[in-house]
Structures are given as structure tokens and as C-alpha cells.
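Try each task yourself before you look at the solution.

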Amino acid sequence: MAGTQRARASRSGLVYEDGVHTPTDPMTEPVPARNAADLKKFATLGIETKADLLVHYPWRYADSREVTDIASLAIGLNVALIARVRGAQMKHAAKTGRPRVEATITDGNRSLSLVIFTANEGVARWHLDRLAVGELGLFSGEINVFNGRLQLANPVYQILGSVEDEARAMEEAEWPIPIYSATKGLDSESIRAALRKVLDPLTDDEVPDPVPPHIREARGLGSRLKALRDVHVPREEADVHRGQARLRYEEAFVLQVELARRRARAQREASTARPPRPGGLLAAFDARLPFDLTPGQLLAGAQIGDDLALDRPMQRLLQGEVGSGKTVVALRAMLQVIDAGGQAAMLAPTSVLAAQHVRTLRALLGDLAEGGMLGGSEIGTRVALLTGAQGAAERKTNLLDAASGQAGIVVGTHALLSSPVQFADLGLVVIDEQHKFGVEQRGALLAKATTVPHLLVTTATPIPRTVAMTVFGELEISELREVPAGRSGITTHVVPVGVPAWMDRTWRRVGEEVARGGRAFVVCARIDPDDDALMNEDDGDDLYLDADEPTTVGEATAPGAKPPKRPLRAVLEVAETLRQDDRLGGAAVGVLHGRMSGEEKDQAIADFASGKTPVLVSTTVIEVGVDVPSATVMVVLDAHVFGLSQLHQLRGRIGRGRQPGICLLVSDAPDGSTAGRRLEALSATSDGFELARVDLLLRREGDVLGAAQSGRRGTLRFLRVVSDGAVIDRAREDARALVDADPDLAQWPDLRHAIDDQLADGREDFLGQT
């Protein structure tokens, strides 16, 4: 017992009285395998140690009770048979000479063929010795067919040597059969046999359990070993459900503990309180607002204002529907900080978005954004822009305004993180589109403050609250669900690319909208027709390319092969085509993409807004931040390669004024495909939170906490963050209570180790992107 505890603590990084780190922990021992070749096969599944093997969970279960009679066997069934050996012999492959063992078993009424393939004659003889005529055994595996006869290939089997063994085998043959993800040369039954070798002798003391005993008792949860046995060696279906429920809670608990620790660390930091000041900028701004704030904006503003008035750093997520008014809420927070003597920095992912933010903030503030300038308000401040594409003179002026404090609001891209950028008193950091930034980038900006600044994270990609609690658990959450009055709404239609009449109507509709004074976006997945990469080159994010998608870039294949798939449309190609298209009534066509300079992008947007080029062909660089109220129509070409949330964001660029918008999704995705279901969902609703839920259901949780890890130990296997809100709530409550009592988890080394393990493979960085 003491040795086990000592080894477990060693893995968690504790130092013992004798200073010795013993490697006797059974969980760190190699996976049981017959030879080095099998070890390599296990390694391809990410299984190297016994601990790895124990978390290689079944992906489904077969009911052995329905297939124990040989007469009822069928192809594809996983079986567990009690049968007697009628005969066995060794044969060799004609071409390779490799040996195999062929045997026949019987249940007394019917017979079944077995075949065991091996590259080693010694192994084949070992099987022949075991499969002696008359031996009784338990044979497990998947039924297939060879030469028109059913057979059991490479079965896992156990020869029964006593009445007790036979009775036990008969009992186990009634149990559910776990089916595992396998690989060539290592089937599900071999994995199952290896698991039994590990599980059967284990005791609770040998299995690290990240859930403390008092929480297990309070929640009615069994030990981790009991849960592992329930999922790997269930005796009935109820065992599977109980074991999965225990492991589901564990996954939620481990994540919530780490998030609670981060939240606790932040609350221990000291920050400068920024309470509201009567008669200041915020009051002046509110007094001149030409519209009423929505109830959601008022509530979010009050929550943020209360946080800013505290002497510990605010950490809040503001997520809202497209066009819900997040910018106004964030601006009001920045003005409260300025009234209290501080500055605010807003970090945006692209220069287009940063420039748009500056234009929007200046337009909202009017003379309040012209402090110290001719015609500016006496209590006004300045809004400065810092991007990498700025000229030297403009950059120098804005750097001085930030360092002196004359610019109360500084908006920028990654350029804000560079060493020349300094602030007089940075009190609030606003990170827009948080998923575009990593831990180090956020830290670099926060480090520019003399005391820990308040943090407001905004996202225009709504996610269900259960997901937010998991991914952003250390942040308090404010939501904006209402759209401000005056928006006319958007109608969305899917246009099948293979129907000429529909495509003709699409371009004629664009011409009609432009003729009425509207503006039209045309979105493409590529910039140039010669680009081979199917990528959004504006920010480097891969586009969706599902296995069932019909579209890619490729050359014609050999005669008799399938026809080449249609290449994705490109900005430069489409723009040139539309300039020649009479259906647009001679409207000028502009372009916008990520390879243009900052000045070129700004000019393209300005020409579009003014009507000089009322049709703008663009990549997804317009996804967020571009606000042109006269934009009324959007055509998204090859819409099936874009993500659902991305399409929703793109659609949000139109219908922002008094005129209704229409979004036309051009696609050749087959009905029923994943991409087809995405587009159907988008055309059915404009509720971003509902679309986020659908998106997660389609993508599954593999992408929620970062890249899917194909069975690696850090992957969430049982927790479904879309539907397991009650589990997450309980885990969050328990985690916060535990961290409040023991912030460093000094009493719980197994929990600390589980956190490291669960957040492996880059997931910790993902959780930090807030």
C-alpha cells in the first residue's frame, strides 16, 4: 500500500521523505503483449502502458446471448461460443508459405470452422497443442465467410480445464461483449483479452482516482476501478450505463477543477477598481445614444459595470447573436474605465476588423472621440489604431497617444503586442473573437499593465451555455440574444448549382438589389483559380472538407474513373466573370481578400459602402466586423465547404439596415450529407445559439476542446457538452468547493495528474484562448 501510494505521488511530482522515485506503479508498466510486434500494433492505437489500455474504451457492445447457438450465426456478428474441438491442422499459404491453423469446433449439433493466421510456425504449433481433439473452450470473435462457409477468423479463445472454468465461461458467455477500435493484426478480441489480464488482478489502491472519496460518496459514485470494470467487463447493460455515468462525471470534474483553479488564481490577483463616475464620458455617451439599449445590453452592461468596480480583475465572456450590439456594450465598459482614469485596449484578429472597430467607435462617440482636438468635447478622449500595415508617421502618432494616455481606447491587431506599444494606465483588455488568439498573445497584452487589468472576451460565434461552462469555465458569462430594433431580418435559400434556372435567378436577384441601391457580397473559398489549397487564406483556418463532400480541386482522372470533382470558385475568377455579366446591369465589381494590403482592403470596403463598387467579391475576410447597412444580398459560392457558424457570421453582414437581406447558398452537396444538413439548418433558422447547438451535434465533441485526438487519453469519451449540462453543473459546484478548500490540490495528487493528462496534446492552450 505504501509503495503504491509512493509511486503514484511520484508520478504527480511530489518529493518523498527518502527522496526516492520508485517506478513500481502498475499503471506505468507496458501493455501486456505477446511480442514486440504486438507492442507496435498497440502503439498505433496510442496504447503503450496499462493506463493507456484501461482508457481505450469500447465503442459499442454486442449481445452474446443471441449468438451462442452455432445454428443461428450470421456474418458480422460478434460471438462467444462454448464448443468442443473436433480437429485441427497446420497449412501453409501457397504464395508466401506462411503458416495458418485451421480447426473445426462443434456445439454438439452444428460445426464451425476456425482459422488462425500467423507468420511463425512455432506459434502455429503452440495453437495446435492447445486445440487438441476433444478440448472444450470459449471462442470469441467476429463471424465472416470464406469460400461460401461461415468461419471464425483469429478468435480469442480460452481452453477450459475444469468444471469451474466451464461454469464460469458459460456465465461470461451471457455477458455483453465490448467491441473496441482495432488495427491491422490486432483485433477487438485481442484487445479485450489484454484488458482482462490488466483488470482482473487490480485493486482500488492500484488505480489512481481523480475524484476524491468525499465527493464520490456525496454523489453516489463508485470507485474508478469499479467504473472501468463496468465498461470493460459488464455483466449486464445496467453495468455499462453505471460505469459510463461515473466516467462522464470524472471527465467533467477534472476539466472544471482546472478551470476553477484558474478562476481562483485570477481572483487572488489585485486589480484597480474602476467604478462609474457621474457626469463622465459614459453618462455623456448614454445621453446622446439615438436608440434604446435592448434588455440584454442593459443586463450585460450592469454585470460588467459591477465587475469593473471591484478591486479584483474582471474575467467575463460576452457572447451574442450576430448584430446583437456587442460593440456598444464593450464601448460602455471602456468608457467606464476611462472615467476612472484608465485606458482600454481592444485586440482584433485582422486589420480589416480593427479598422472597422475604429470607424464604428468614432462614429458612435462623435466629438467624444476627439479629445484635445479642435471641435472635440472637453471631456473627450481619443481612439487610436495600431496595425502592422500602418505608415511610420501614423504609427508614431498613435504610439505616443497610447503611451501618454491621450488615447483612452487603443484598437489593434497583433501589433498591440509588440514591445514599442506602451500604455499610461491599461485598465481593461477587450479581446474580440477570442478563438483567434492564444495564451501567450493574451498574456503579452495583459503584461503591459502596471496592475492586472480587467478582461472582457467577446465572441460573435454563440455557443450553448453548457459548452461555455466547459470551455470558458473560469469566465463569468453574459449573453446577448435580442437583435436591436430596426433590423429587417434575413431570408436564406439553398441554391443547387446544377440547376441552371436557379443560378440564373441568383445573379438576376443580385442585379435587382443593386439597381434598388443595395450592395451585394459574393463570397468564395479561394482567392485565385491556381490555388491548390482548399483553405481560407485570410486567417489560415481550414475549411470543411467532409468525406461525403462532392467538391474538391483536382485534375481529370484516367479513362473509366469517376469524373473529376468541380473545383472551388475563386475570387479573381468570379469577379472577372461578373464584370462581363449583363444580369448585373453593368454594376462595378470590386474584390477583397487576405493578400491585399491594409490600405487596399480599406479602400475596397469604402468603395463598396459608397456604391462605387456595389458588388464585392470576397473571401471570408468579411466574416466579422464589416458593417455596411446598405448591404442587402449575399451569394456564398461552394457554401458546403464552410462551417455552419462561419456561414452564420457571413450572413450577418447583410440586413443590418432598414431593408431586409437575402442570403443565397450555392452548393452541390447531396441531400442528407453532413454539409447538406448544415445548409438546411442555416436556411431554417437565424438563431445563432440554435445553430451552434446543431453544429456541435453534427461535428460531435471531438472538436469542442481542440483537435480530435483519435482515442488519445485526453479525449472526452463520455461527456457530451451539448446535452450533459446537469453533469457539468454538479461537477462545477464540486470543483469550486474543492479548489476553495485546497487551491493547490496538495491533498489530491491523483487529481493533479489527471488534469495534466486530460489537458495533454494542446488542449490546455485551447482552454487558455479566452
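D200 is partly exposed, with a relative accessible area of 42%; the term covers values between buried (under 20%) and exposed (over 50%), found with a 1.4 Å probe and protein chains only. The model is a predicted one: local features need pLDDT of at least 70, side-chain atom pairs count only at pLDDT 80 or more, and totals for chains, interfaces and linings use all residues. Residues are numbered from 1 along each chain as its sequence is written, and side-chain values use heavy atoms, with hydrogens and water left out.

**Exercise 1.** Find where D200 sits in the chain.

*Solution.* 
- Step one: look at the loop between α6 (188-199) and α7 (213-219), where D200 has its place. Helices (H or I, at least four residues) and strands (E, at least two) are DSSP runs, numbered from the N terminus.
- Step two: go 33 residues along the chain to V233, whose C-alpha atom is 9.6 Å from that of D200.

**Exercise 2.** Work out which face of helix α17 is buried.

*Solution.* 
- Step one: check the length. Helix α17 (residues 500-515) has 16 residues and spans 23 Å from first C-alpha to last, close to the expected 22 Å. The expected span is 1.5 Å times one less than the number of residues.
- Step two: list the buried residues of α17, which are M503, T506, W507, V510, G511, E513 and V514.
- Step three: look down the axis of α17. The buried residues fall within an arc of 165°, so they line one face of the helix; the arc is taken from the directions from the helix axis to the C-beta atoms.
- Step four: recall the general rule. An α-helix has 3.6 residues a turn, so residues three or four places apart point the same way.
- Step five: turn to the other side of α17, where A501 and A515 are exposed.
- Step six: see what covers the buried residues, including β16 (490-496), β17 (519-523) and α18 (571-579).
- Step seven: step just past α17 to G517, which has a positive phi of about 100°.

**Exercise 3.** Describe the chain as a whole: how many helices and strands does it have?

*Solution.* 
- Step one: count 25 helices and 21 strands.
- Step two: note that 53% of the 770 residues are buried.
- Step three: consider contacts (heavy atoms within 4.5 Å). Of those between residues at least 6 apart in sequence, 73% join residues at least 24 apart.
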